[in-house]
Amino acid sequence: MEYLSTRDKTLRKSAAQAIVMGLSRDGGLFTPVGFPSLSALEVETLCGMPYRKRAAYIMGKFLEDFRPEELNQFTKNAYGPEKFDSPAVAPLRKMDGNTWCLELWHGPTSAFKDMALQMLPQLLSASLRMTGEKKTACILVATSGDTGKAAMEGFAGVEQTKILVFYPENGVSEIQKLQMVTQEGGNVGVCAVKGNFDDAQNGVKRIFSDEAMREELARRGYFLSSANSINWGRILPQVVYYISAYCDLLSAKEIKLGEPVNFCVPTGNFGNILACYYAKRMGLPVKKLICASNRNDVLTDFIRTGVYDRNRPFYTTMSPSMDILISSNLERLLFDLSGGRDELVRSCMEQLAETGRYEITAGMKRRLQEVFFGGFCGEEETASSIEMLHRYGYLIDTHTAVAARVLTDYRKETGDRTPAVFVSTASPYKFCDSVLSAIGETPAADSVDRIAQMEALTGVTAPSRLAALKGKEVRFHDVTGKERMEERVLAFLQ
Ligand SMILES: *Cc1c(COP(=O)(O)O)cnc(C)c1O
């Protein structure tokens with residue numbers, strides 16, 4: 001399987017090259033030239049396998065140049081019991097007769113980013129070997145909170161890599177910040193940016209496209225790569241859990257083979273929901289993809305009108321990983337919806353950079369609305385969604401709460417009662433402050449003490465690594481202006 005750039009489809013790379021490069025030189029995103037199909041028989045076969053085998057099988061369809069034994073070893077390393085505290089890896093929890101919750105936060109950093117970022121370092125190491133690359137990969141990450149920690153946890157100590165994370169100074173939760181600034185490992189660095197997530201992400205993109213920077217780093221023996229969801233090695237492992245969830249529903253006899261289901265995904269950079277779209281393109285019986293946003297509702301408007309317009313206020317919300325106005329991965333969807341028209345994608349992205357706005361064609365809009373439903377919810381609705389499910393006996397985080405709420409809204413608006421799965425992207429213990437307030441409690445003064453407070457109140461055990469944050473040494477204190485991120489990179493790669 002080859003990969004092409006969304007902005008120039010004559011530019012083709014192997015999977016290994018695409019993973020090593022992260023982003024195409026022309027600014028486009030690497031996308032598979034086609035989608036391998038998944039037959040009903042294959043779905044049945046996958047039902048009998050544990051998660052890691054399902055993952056190796058599904059990823060193998062896109063990574064033909066990797067050997068099956070190799071992929072089996074990678075998924076064993078990534079999803080083993082040392083890393084994930086659930087043997088199912090991505091367990092499904094039944095909420096009612098036709099609603100399930102897919103828990104994606106059983107990995108080492110308690111957010112769904114682990115599903116991909118435990119896998120990416122292994123794919124990248126193998127890709128470095130396959131391409132004969134001798135320079136050290138410097139992974140630059142812009143994070144809205146969860147990616148940074150999960151990427152460092154995945155890359156810490158991995159040979160031939162260094163990783164530098166930029167996060168918005170006031171845009172992440174206290175627990176998220178603590179998780180990052182206490183990260184161990186000789187090859188990691190963390191720096192706060194004075195600005196929001198888009199500022200940090202734009203800074204990273206700017207550095208990537210800086211020719212002089214690239215030459216200077218090459219002279220020092222480095223090249224830049226990405227662990228953000230622009231990297232194909234991030235999207236691919238995420239395709240797996242949608243197929244796996246379908247298998248679990250089938251195995252539990254909740255649905256029949258071939259019966260359609262809906263997925264509702266809390267969305268920021270559009271990576272997670274894009275993976276679901278790709279699973280559907282492979283043939284998984286998914287009827288509707290429900291795209292759930294918080295008060296930053298740029299995607300809701302896009303899906304409803306076909307106009308993407310980032311010229312609007314930016315809100316800092318209690319679901320910070322979704323506080324995004326430029327969803328990078330939408331570019332891959334545009335490419336597919338347009339039937340592979342790279343010139344059209346290029347033009348949309350140019351308009352987005354220049355005016356902050358673009359409009360898709362009527363045909364694309366029709367295809368978009370056939371598959372996607374867009375909804376959003378505000379802060380009050382997010383809190384009441386947590387409170388409601390808590391009363392029912394299930395504790396969820398703020399991002400998951402947005403998805404649960406938007407799924408309810410979707411059903412009310414459309415009357416569609418198709419079996420539905422809403423995706424749970426973080427442990428509630430990553431956002432104790434907001435969760436405690438939502439269930440009517442006053443959060444303890446110290447952010448780490450809130451973990452024990454919430455455990456005592458709810459009887460739900462906190463992930464052990466979050467509880468262990470108490471008293472951990474803070475290793476990183478750096479803060480930088482958004483225009484000065486280049487200097488931090490050069491200092492990090494002395
Ligand atoms: C990253 C993240 C999201 C958004 O995922 P995208 O792939 O960026 O759409 C949602 N919830 C949580 C907890 C996250 O960490």
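How many cavities of 30 Å³ or more does a search of the whole structure find? The search finds three. The structure is a predicted model, in which local features need pLDDT of at least 70, side-chain atom pairs count only at pLDDT 80 or more, and totals for chains, interfaces and linings use all residues. Residues are numbered from 1 along each chain as its sequence is written, and side-chain values use heavy atoms, with hydrogens and water left out.

The packing of the interior was examined through its nonpolar cores, each a set of buried Ala, Val, Leu, Ile, Met, Phe, Trp, Tyr and Cys residues joined through side-chain atoms within 4.5 Å; buried denotes under 20% relative accessible area, exposed over 50%, and partly exposed the range in between (1.4 Å probe, protein chains only). The largest nonpolar core comprises 113 residues, and the members that touch the most others are Leu-63, Tyr-242, Ile-243, Tyr-358 and Phe-372. Helix 11 (residues 232-251) gives the most to this core, contributing 13 residues; helices (H or I, at least four residues) and strands (E, at least two) are DSSP runs numbered from the N terminus. When residues up to four places away in sequence are not counted, Phe-372 touches Phe-270, Ile-273, Tyr-277, Lys-288, Leu-289, Ile-303 and Leu-333, contact being defined as heavy atoms within 4.5 Å. A second, separate core holds 38 residues, including Phe-422, Val-435, Ala-438 and Ile-439.

Grid points are joined across faces, edges and corners, and a volume is the space filled by probe spheres set on the points.

The largest cavity has a volume of about 290 Å³. Its lining consists of 26 residues, with Phe-112, Lys-113, Gly-268, Asn-269 and Ser-321 nearest the centre. Two or more lining residues come from each of helix 7 (146-155), helix 11, strand 10 (261-266) and helix 12 (271-282), and helix 12 gives the most, with three. By class, this lining has ten nonpolar, 13 polar and three charged residues, where Ala, Val, Leu, Ile, Met, Phe, Trp, Tyr, Cys and Pro count as nonpolar, Asp, Glu, Lys and Arg as charged, and the others, Gly among them, as polar.

The second largest cavity has a volume of about 70 Å³. Among the residues that line this cavity are Leu-23, Lys-205 and Phe-208, and helix 9 (residues 197-208) makes the greatest contribution, with four residues.

Helix 15 supplies the largest share of its lining, six residues. The lining divides into 19 nonpolar, eight polar and 13 charged residues.

The second largest pocket contains about 400 Å³ of space. Of its 18 lining residues, Met-388, Leu-389, Ala-404, Arg-405 and Thr-408 are the closest to its centre. Strand 4 (92-96), helix 17 (379-391) and helix 18 (398-414) each supply at least two lining residues, with helix 18 giving the most, seven. Seven nonpolar, four polar and seven charged residues make up this lining.

Key: 1 Å grid on protein atoms, 1.4 Å probe; cavity = no way out; pocket = protein on both sides within 12 Å on 5 of 7 lines; lining within 4 Å.
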